[in-house]
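Have a look at the model first, then read on.

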Amino acid sequence: MMPQPESATPKCNDATSTGPSRRGLLAGASGFLALAGLAACASPQAPDADRAHLAEPPQTPDEVLQVLRAGNRRYCAGTPEHPNQALDRRSDQAEHQSPFALIHGCVDSRVTPELLFDQGIGDLFVTRTAGAVLDDTLVGSMEFAVSSPYSVPLLVILGHTACGAVTGTLKAMEKDAGNPQLPGEMEDFAAQIAPVARTAGVEGSGREAVDTVVQANARAVVEQLLERSAIIRKAVEEQRTRVVPAVYDLETGEVSWLEG
């Protein structure tokens with residue numbers, strides 16, 4: 001069994017928590033939600049990142065990461081500030097939005113980016129599919145986010161512990177390792193997750209196996225996105241945008257960043 005990668009992010013109570021897919025996933029699996037700012041916990045080098053209310057949106061990938069880390073630290077500690085959620089913010093953003101990041105995650109009801117990063121209206125683009133896999137329209141939505149006029153500096157591929165899509169795929173692989181089957185269009189996400197699980201060399205469908213594949217899948221989706229999209233690849237090459245993998249812990253509320 002491949003050992004589970006170590007998180008580069010300290011726990012929240014440490015105060016510094018550091019191939020083409022089918023179009024069948026379109027129906028109900030992906031879509032834009034609200035908008036918020038990326039998160040884990042604040043960096044000692046960036047005390048201003050603790051501010052929930054920013055005069056201007058963060059402009060660089062590093063600045064966005066600082067904002068998201070700070071927001072996640074507030075969320076973990078149970079002290080969210082709920083920025084940009086007042087009536088005046090809704091009115092201000094009605095004719096023009098100003099997101100500074102895109103979060104792509106799982107459809108799981110417990111993983112809501114605006115909450116776990118403590119952001120508000122007009123802060124984030126959000127896309128979601130089961131298992132955080134890719135499909136054609138989803139990639140186009142991400143290209144929309146990194147293009148003018150939004151040009152978001154950061155895209156986050158966010159997996160989460162105990163992912164049902166990963167668990168279901170691993171259970172199907174226990175029955176038929178070479179051709180795991182799930183009902184209906186769910187076979188689409190299984191077809192994308194199964195190769196990642198094989199590469200990770202996991203056995204079974206227990207918690208450790210699931211969480212290992214979740215981390216491997218977040219990294220794999222980053223690679224797939226950069227391979228698949230010339231628009232996003234160019235933005236990354238020009239250092240206008242960064243794409244980073246991360247995992248959200250359902251029990252602690254912590255986001256661990258897998259970059260590097």
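Q: Why is histidine 82 called partly exposed?
A: Its relative accessibility is 43%, and the label covers values between the two cut-offs, buried being under 20% relative accessible area and exposed over 50% (1.4 Å probe, protein chains only). Histidine 82 therefore counts as partly exposed.

Q: Before we go on, what kind of model is this, and how are its residues numbered?
A: This is a predicted model, in which local features need pLDDT of at least 70 and side-chain atom pairs count only at pLDDT 80 or more, while totals for chains, interfaces and linings use all residues. Residues are numbered from 1 along each chain as its sequence is written, and side-chain values use heavy atoms, with hydrogens and water left out.

Q: Where is histidine 82, and what is its phi?
A: Histidine 82 sits in the loop between helix 2 (61–77) and helix 3 (87–92); helices are DSSP runs of H or I with at least four residues, strands are E runs of at least two, and both are numbered from the N terminus. Its phi is near 50°, a positive value in a residue other than glycine.

Q: Is alanine 132 buried or exposed, and how do you know?
A: Alanine 132 has a relative accessibility of 3%, so it counts as buried. This alanine lies in the loop between strand 2 (124–128) and helix 5, and its phi is positive too, near 60°.

Q: What makes serine 151 partly exposed?
A: Its relative accessible area is 34%, and therefore serine 151 is put in the partly exposed class. The residue is found in the loop between helix 5 and strand 3. Leaving out residues up to four places away in sequence, serine 151 touches Ala145 and Val146, where contact means heavy atoms within 4.5 Å.

Q: Which peptide bond is cis, and where does its proline lie?
A: The bond joining serine 148 and proline 149 is cis, with omega at about 10°. Proline 149 belongs to the loop between helix 5 (136–146) and strand 3 (154–160).

Q: How do you know that the span of helix 2 agrees with its number of residues?
A: The expected span is 1.5 Å times one less than the number of residues. The 17 residues of helix 2 should therefore span 24 Å, and its end C-alpha atoms are 24 Å apart, which agrees. Glycine 78, with a positive phi near 75°, follows this helix.

Q: What covers the buried residues of helix 2?
A: The cover includes strand 1 (101–105), helix 4 (113–116), strand 3, strand 4 (242–248) and strand 5 (255–257). Among the buried residues are Val64, Leu65, Leu68 and Arg69.

Q: What makes a set of residues a nonpolar core, and which is the largest here?
A: A nonpolar core is a set of buried Ala, Val, Leu, Ile, Met, Phe, Trp, Tyr and Cys residues joined through side-chain atoms within 4.5 Å. The largest has 24 residues, and those with the most contacts inside it are Val166, Leu170, Phe189, Ile193, Val202 and Val213. Helix 6 (164–175), helix 7 (187–200) and helix 8 (207–228) each give two or more residues to this core, and helix 7 supplies the largest share, six residues. A second, separate core of 20 residues includes Val111, Val126, Leu154 and Val244.

Q: How is the packing of two helices described?
A: The description uses the angle between their axes and the distance between the axes. Axes are lines fitted to C-alpha atoms, for helices over the stretch in contact, and angles run from 0 to 180 degrees between N-to-C directions. The axes of helix 6 and helix 8 come within 9 Å and cross at roughly 115°. Val166, Thr167 and Leu170 of helix 6 meet Ala209, Val210, Val213 and Val214 of helix 8. For helix 7 and helix 8, the axes come within 9 Å and the crossing is at roughly 115°.

Q: How much of the protein counts as buried?
A: Of its 260 residues, 52% count as buried.
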